[in-house]
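Hi there,

Here is the structure I promised to pass along.

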Amino acid sequence: MKSTPLWILGLYAFVSFIFFSHSVQVAADDDSNDSGAMSIDCGLTPESWDNNDFHYEADGSPFVESGKVYSVSSEHTLTSDEEQSWQQLNTLRSFPEGQRNCYTLAPKQGRGNKYLIRAFFKYGNYDKNNSIPTFDLHLGVNYWTTIYLSDSSDVVRSEVIHVAQSDHIDVCLINKGQGTPFISSLELWPLPIKLYQPTPNLLPLALTTRRNFGMTERFDFVRYPNDPYGRSWFQGDKDTKNSRPISTSIAIDDDSKEYKLPKEVLSTAITPLNSSFPLVVNVNASTNHEYYVYLHFFEFEKHSQNQQRSMDIAFTDSIRDNNVTLEYLQLQTIVHRIPRELSLTNISITSSPGSTLPPIVNDLEIYRVRHKQNSPTREGDGKFDAMRNIRHGYNIMRISWQGDPCMPEDYRWEGVTCNNYSGSIPRIISLNLSSSRLDGEIMGTIFSKLDMLESLDLSNNQLTGEIPESLAKVANLKVLNLTGNDLIGLVPESLEEKSGLTLSLDGNPGLCHTASSCKTKTLIGPLVASAIASAAVLLIAIFIPIMLCKRKRKPQNAMLPKKGGDFRSKCQAFSLEEVVSMTNNFESVIGEGGFGKVYLGKLQHGIQVAVKLLSKSSHQGFTEFESEAKLLSLVYHKNLVSLIGYCDDGDMKALIYEYMAKGNLLHLLTGKSPYVIKWKERLQIAFDAACGLNYLHNGCNPPIVHRDLKSSNILLSENMHAKIADFGLCKVFASDTDTHISTRPAGTFGYLDPEFHRCGNLHKNSDVYSFGIILLELMTGRPAIIKTSEGINHIVDWVTPKFKVGDMESIMDPKLEGKFNIASARKVIEIAMCCIETSAVKRPDINNVENDLKQCLALETNNESEESSSLFSSSTFDTSFYQCGSHSPPSVR
Ligand SMILES: *[C@@H]1O[C@H](CO)[C@@H](O)[C@H](O)[C@H]1NC(C)=O
Ligand SMILES: *[C@@H]1O[C@H](CO)[C@@H](O)[C@H](O)[C@H]1NC(C)=O
Ligand SMILES: *[C@@H]1O[C@H](CO)[C@@H](O)[C@H](O)[C@H]1NC(C)=O
C-alpha cells in the first residue's frame with residue numbers, strides 16, 4: 001500500500017474545502033405512503049410508478065430473489081384509457097426454477113397486526129406457449145389457494161386477511177408440475193386489528209366474494225382511495241334475480257365507523273322487483289369449509305314515523321336473524337359463521353311481518369377460513385434469524401432457500417433437517433453445507449444460535465481463520481465436520497473434549513491440537529517452509545478481500561435524464577426578501593465553504609434548512625455553485641443531501657438544502673463533540689454513504705463521479721442517517737470507461753487517489769479510494785491526515801502496518817472502548833484496504849462495497865440481538881431488507 005507522495009503536501013496542506021458543515025432533514029427519510037400499504041408491480045423493473053393513486057413498487061429485491069420477468073404478449077397488453085387501472089397486469093414474474101418461490105413482505109407495522117394481502121394473476125401468453133399453468137399459493141407455511149385461469153386473458157385475484165405472526169410475510173408460489181407459476185401483482189394493506197372480527201384463532205380469512213349491490217355500471221368497481229383499506233367492491237347484481245337497484249345522492253360519511261365502507265358502496269342497494277317477494281342473493285359456499293359472512297345494510301331512505309323497514313334474514317335453515325330493523329343513516333352489519341357441515345347456497349331476505357317497506361341489502365362479503373396445518377420454524381432458527389444470517393453471511397444462493405426453512409416438509413431447505421414431531425414447533429437439528437463454496441471465517445456465534453443443532457457439516461469449503469470456541473456451546477452437537485478447509489490455529493479444548501461429539505478436522509494443514517505444537521510451528525521462524533507459509537497467509541489476507549470486493553454485479557439503474565436540466569425549473573425559487581427572512585437576516589452561520597457562508601434558515605412551517613450563499617467576491621465559486629445546483633436537480637436519493645430551492649435575485653445567489661441536524665462526520669468523529677458514535681452506527685453511516693455513492697456511480701446513466709468525497713462531506717441527520725453532500729466538483733461522464741483529465745486540482749488532500757498524481761485521471765475508482773479513507777476514519781476515529789512533530793502522517797501509512805500483523809485492537813478507535821464486533825470490524829478493514837489499493841483497477845466497484853458492508857451490518861445485528869436476547873430481539877432492524885431506497889424523485893410522474 002503505497003502512500004501519497006510527499007511533494008504534493010506543500011501544495012494542499014489542509015486546504016479542506018468545508019463548503020458547509022450542517023444541514024437539517026426536511027422530508028422524512030422515506031417518502032413512502034404513511035399507511036404502510038404496498039403494491040408491487042411484479043415483473044416491473046427497475047423503477048416504481050404511480051397508477052390511479054396506487055404507488056407501485058418495482059419488483060425484485062428486497063421482495064423476491066428468484067424468477068424471471070416477462071411481459072404479456074402484445075395481443076393481451078392493456079393500453080386503452082379505460083384499462084389503465086389494470087396496466088400493472090402487463091408484466092409478471094415467472095418461476096421456472098425450484099418448487100417453491102416466495103415474495104417476502106415486511107410491512108412496517110410488523111407482527112401482531114392485521115393485513116389484507118392480494119395477488120393478481122394474468123397469463124397473457126407471456127411465454128408464447130399458449131399453455132395455462134395451474135399452481136398453488138401459500139401464505140407462509142400454509143396453503144392459501146390454487147390458481148386456475150380459464151384463458152390467456154383471464155385475470156384471477158386472490159385475497160386474504162391475515163394476522164401476521166412475524167415481521168415478515170411470505171407469499172409463496174408452488175409448482176405442482178402443472179406449468180410454471182407466475183404472479184402479476186401483489187398488494188398489502190394494513191387493517192385495524194378489530195376489523196373483520198372475530199378472526200377465529202387468528203386463522204387467515206380468504207376472500208370468496210365482496211359485492212356492492214345496486215351499482216349500475218356493470219364493469220365499474222370501487223377501490224382505493226375511495227376505500228381506505230384497499231378493498232375492491234364489484235357489482236353484485238348478477239347474484240340476485242328479480243331485484244332492482246336503488247341509490248341515493250345524499251352525502252354519506254362513514255369514515256369514523258369501524259368498517260369504513262366507502263360512500264359509493266353505502267349509497268347503492270337492491271330491493272325486490274315485486275315487494276311482496278323476498279330478496280334472494282345467490283352464493284355458492286360449498287360444504288367442508290368454514291365461512292364468515294358479512295352483510296352490510298345502510299338505510300339511506302328517510303321515511304315517515306309510521307313506516308319502518310324490518311327484515312327477516314335466512315342464511316341456512318338453522319342460521320337466521322328475524323326483525324332486523326334499520327335506522328336512518330346507520331350501518332348495520334350482520335356477521336355469521338357458517339360451520340363446515342352446513343352449506344350456504346343463498347341468502348334470503350324478506351320483510352318481517354309488520355314491516356311497511358320492502359327489504360334491501362347494500363353489500364356482502366364472504367370469507368373462507370383457512371385452517372393451518374403447519375407451524376413455522378421456531379423464530380430464532382428460522383428464515384429471519386440464524387438461517388438468514390448464515391445465508392447472507394456466506395452469500396448462499398440456493399433456489400430452495402426461500403420461505404420457511406423447515407415447513408412445509410416437501411419444500412424444506414436443501415441441506416437442512418428439522419425435527420417436527422407433529423404439532424410441535426419445528427427446530428433445525430442438522431445443517432449440511434458441505435461443498436458449498438463457503439469462505440471467510442466460521443461464524444461461530446451464528447451457528448451456535450441454532451441451539452438444537454445435532455450435526456453441522458461444513459466440510460470441503462474454503463473456510464479460514466480459527467475454529468470459534470462458541471461451537472462448543474451448542475449443547476446437542478454430535479457431529480461437527482470441518483474436513484477440507486483452510487482453518488488454522490489451535491483447536492479449542494472445549495470442542496476436543498466435548499462429550500459425544502464426533503469432530504472431523506482432516507485436511508486443514510494449519511490446525512494444531514496442542515498449544516506446544518502450535519508454538520513449535522510458529523517458532524521455526526526463519527525456516528524457508530515457514531516463510532512460505534506466512535507468505536501464503538499474507539497472500540490470502542491480501543487477495544481474499546480483493547476477490548471478495550471484485551465480484552461483479554449488474555448495474556442497477558439507468559435514469560439520469562439526458563437533457564441538460566435547468567435546476568430552476570425543478571426547484572422552488574425564493575426571492576431575496578424570503579432568504580433574508582428565512583435566515584433571520586443571516587443570523588446564524590453554520591458553516592463556511594469555498595464560495596461563501598452557510599446559514600441556518602427556517603421555512604414557513606418551521607422546517608429548518610441550510611442556506612448556502614454565494615459571495616459576490618467569489619468568481620471561481622460560481623461554476624461549482626451552478627454545477628451543484630444542476631446536478632442536484634437531476635439526481636435524487638435518500639443518501640444524497642437534497643436541494644430544496646434556490647435564490648437568484650440580482651447579486652444574491654443562494655442554494656437552499658435540507659438541514660442535517662447532526663452535522664458532518666469529520667466533526668463528529670474527531671471534533672470536540674462529546675458523543676461517541678457507536679460501532680453499529682459507524683457501520684450504518686458507511687453503508688448509507690456507500691448507497692449514495694453507488695447510486696451516483698451505477699444508478700445514474702451516465703455515471704457521476706463525486707470527486708471530493710471526504711468525511712466532512714458526509715452529513716448526518718437527527719437519527720444518524722448519512723447523506724453525501726457537496727457536489728460542486730462532480731463530473732458526469734459520458735461512459736463507464738471515460739475518464740476525466742484534469743489539470744485543475746480537484747478533491748481534497750488526504751482523500752485524493754494516488755493515481756491521480758501520476759496521470760491526472762479521476763474516475764469512479766478515485767471516489768472508491770476516498771471512500772476507503774472514510775472507512776479508515778470511521779474505524780480509527782483519526783482524521784485522514786495527522787500533523788505531528790515529525791511531519792505529516794497519512795492514515796493509510798498509520799493503518800497499513802497494523803493491518804498486516806492483524807492488530808485490530810490498536811487500529812480501532814479507542815473511544816469505542818473495545819465495544820465492537822471483531823468479525824464485522826475485520827471485514828470492514830478488509831473492505832477499506834481494497835478500496836485504497838494504489839492501483840485503481842484493483843479497487844472494487846462501490847456496488848460490491850455496498851453489499852459487503854450490508855453483510856457487516858448483518859453480523860452486527862446478530863451480535864446485538866444475542867446480547868439482549870429478550871422478547872424483542874427478533875424485531876431488531878433487519879438488514880437483509882435494508883435497501884438503498886428510492887432511486888427516483890418523489891415528484892416524478
Ligand atoms: C306482485 O306479486 C303478486 C303476487 O304474485 C301479484 O299479485 C302482484 O300483481 C305483483 N305486483 C307487481 C307490481 O308485479
Ligand atoms: C452432506 O451432504 C453430502 C453430499 O452433499 C454428503 O456426502 C454428506 O454425507 C452429508 N453430511 C451429513 C452429515 O449428512
Ligand atoms: C466429513 O466430511 C468428509 C467429506 O465430506 C467425509 O468424507 C467424512 O466422512 C465426513 N466425516 C464424518 C464423521 O461424517
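Below is what I found, taken one region at a time.

Please keep in mind that this is a predicted model.

Let me begin with the salt bridges, of which the structure holds 23. In one of them, Glu 159 is paired with Arg 157, with 3.7 Å between the closest N and O atoms.

Another salt bridge brings together the side chains of Asp 726 and Lys 612, at 4.0 Å from N to O. This pair links distant parts of the chain, 114 residues apart: Asp 726 sits in the loop between strands E44 (722-724) and E45 (731-732), and Lys 612 belongs to strand E38 (residues 608-614). Both Asp 726 and Lys 612 are buried.

Glu 718 and Lys 662 also meet through their side chains in a salt bridge, here at 3.8 Å from N to O. Glu 718 is in the loop between strand E43 (714-716) and E44, and Lys 662 is in the loop between strands E40 (652-658) and E41 (663-664), so this contact ties together parts that are 56 residues apart in sequence. Glu 718 counts as exposed, with 52% relative accessibility, and Lys 662 is partly exposed at 30%. There is also a network, in which salt bridges with shared partners join Arg 118, Arg 157, Glu 159, Glu 187, Arg 210 and Glu 365.

Next, the surface charge. A patch of negative charge is formed there by Glu 469, Glu 493, Glu 496 and Glu 497. Of these, Glu 469 lies in the loop that runs between strands E30 (462-465) and E31 (479-481), and it is exposed because its relative accessible area is 51%, with the cut-off for exposed being over 50%.

E30 also takes part in strand pairing: together with strand E32 (residues 486-490) it makes 2 bridges in the parallel sense, with Thr 464 opposite Asp 486 of E32. E32 in turn pairs with strand E34 (residues 510-512), again in the parallel sense, over 3 bridges. There, Leu 490 has Cys 512 of E34 as its bridge partner.

An antiparallel pair is found elsewhere, where 5 bridges join strand E8 (residues 135-139) to E9. Asp 136 stands opposite Thr 146 in E9. The two strands form a hairpin with 2 residues between them, and Gly 140 in the turn has a positive phi of about 65 degrees. Strand E9 (residues 142-147) is largely enclosed by the rest of the structure, because 5 of its 6 residues are buried. Asn 142 has its C-alpha 8.5 Å from that of Met 407, although 265 residues separate them in sequence. Met 407 is in the loop between helix H3 (386-393) and strand E26 (416-419) and counts as buried at 4% relative accessibility.

Finally, some backbone details. Cis peptide bonds join Ser 61 to Pro 62 and Tyr 224 to Pro 225. Pro 62 is in the loop between strands E3 (54-58) and E4 (68-71), and Pro 225 in the loop between strands E15 (221-222) and E16 (233-235). Ser 435 has a positive phi, near 50 degrees, though it is not a glycine. Phe 586 is another non-glycine residue with a positive phi, near 55 degrees.

Happy browsing, and write back any time!

Technical notes. Residues numbered from 1 in each chain as written. Chains lettered and ligands numbered in written order. Predicted model: local features only at pLDDT ≥ 70, side-chain atom pairs only at ≥ 80, totals over all residues. Heavy atoms only, no water. Patch = residues over 30% accessible without salt bridge, like charges linked within 9 Å, V, L, I, M, F, W, Y side chains within 5 Å. Areas by Shrake-Rupley, 256 points an atom, 1.4 Å probe, with all protein chains shown as cover. Lys, Arg positive; Asp, Glu negative; His and termini not counted. Charge placed at Lys NZ, Arg CZ, Asp CG, Glu CD. Helix = DSSP H or I, 4+ residues; strand = E, 2+ residues; numbered from the N terminus. Buried < 20%, exposed > 50% of the residue type's maximum accessible area, 1.4 Å probe, protein only. Pairing = 2+ DSSP bridges.
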